[in-house]
Amino acid sequence: MIGTLVATAFWAMLPAYVPNNAAVLAGGGRPIDGGREWRGARLLGDGKTWRGTAVGTLVGVLLALALNALADPASAALGSDLPTFALPAAFALAFGAMCGDIGASFLKRRSGRERGAAFPGLDQLDFVVGALGLAFLVDTDWALAVFTPRVLAVVLVMTPLLHVVTNVGAYLLGVKNEPW
């Protein structure tokens, strides 16, 4: 039961988990804030770019479509039904994750934190809030069917743990400059 719940939560969130990583790999491009400042600090910073947002969203949507193709065999292997992604839901999860991260950058700049500085709690759940918020807004029926209260609880516990493990791993591999 717990294994199925964790598998469902992880599967359902994959299109939201991957976009920010893809955005980093896309690298560079024109900053979304165009270098503008508010109250003496950049609105977002150089790390939030149009290219990264577009690439991250595209990769998340494409991953959701790939998961749709794998849902039946994966469900059979697990002995439980894994969700498939309607296109609006796939877009909402991926773009919502990007928007959540952009919103976190705005909050970090307002609190005086520099790019890459840790902001515990916000760093681990910003994209989850964005992804789920947009998914519930854009495709309410799908989101209600997939993100039951128990699945949401697993997502909220699992995501910070995954965030720490993947960031420390990337840091140890030399892919990230800081372990958060």
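This is a predicted model: local features need pLDDT of at least 70, side-chain atom pairs count only at pLDDT 80 or more; totals for chains, interfaces and linings use all residues.
Let's start with the record. The unreviewed UniProt entry places the feature "transmembrane region" at residues 50-70, 82-107, 127-144 and 151-173. For two of these spans, here is how the model looks:

Next comes the largest nonpolar core, which has 31 residues. Within this core, the residues that touch the most other members are Met-13, Phe-85, Leu-93, Trp-142, Phe-147 and Val-155. At least two core residues come from each of α1 (2-17), α3 (50-78), α4 (87-110), α5 (122-138), α6 (140-146) and α7 (149-172). Helix α1 gives the largest share, with eight residues.

Leaving aside residues up to four places away in sequence, Phe-85 touches Trp-11, Ala-12, Pro-15, Ala-64, Leu-67, Asn-68, Ala-90, Leu-93 and Trp-142.

Two of those partners, Ala-12 and Pro-15, also take part in the meeting of α1 with α4: together with Ala-16, they face Leu-93, Ala-94 and Ala-97 of α4. By type, the residues of this contact are six nonpolar, with no polar and no charged ones. The α1 and α4 axes come within 7 Å and cross at roughly 55°. Angles from 35 to 65 degrees fall between roughly parallel and roughly perpendicular, so α1 and α4 are oblique to each other.

Notes
Residues are numbered from 1 along each chain as its sequence is written. Side-chain values use heavy atoms; hydrogens and water are left out. UniProt positions are given in the numbering used here, feature names are shortened, and annotations may be inferred rather than shown by experiment. A nonpolar core is a set of buried Ala, Val, Leu, Ile, Met, Phe, Trp, Tyr and Cys residues joined through side-chain atoms within 4.5 Å. Buried means under 20% relative accessible area, exposed over 50%, partly exposed in between (1.4 Å probe, protein chains only). Helices (H or I, at least four residues) and strands (E, at least two) are DSSP runs, numbered from the N terminus. Contact means heavy atoms within 4.5 Å. Axes are lines fitted to C-alpha atoms, for helices over the stretch in contact, and angles run from 0 to 180 degrees between N-to-C directions. Angles under 35 degrees count as roughly parallel, over 145 as roughly antiparallel, 65 to 115 as roughly perpendicular and the rest as oblique. Ala, Val, Leu, Ile, Met, Phe, Trp, Tyr, Cys and Pro count as nonpolar, Asp, Glu, Lys and Arg as charged, and the others, Gly among them, as polar.
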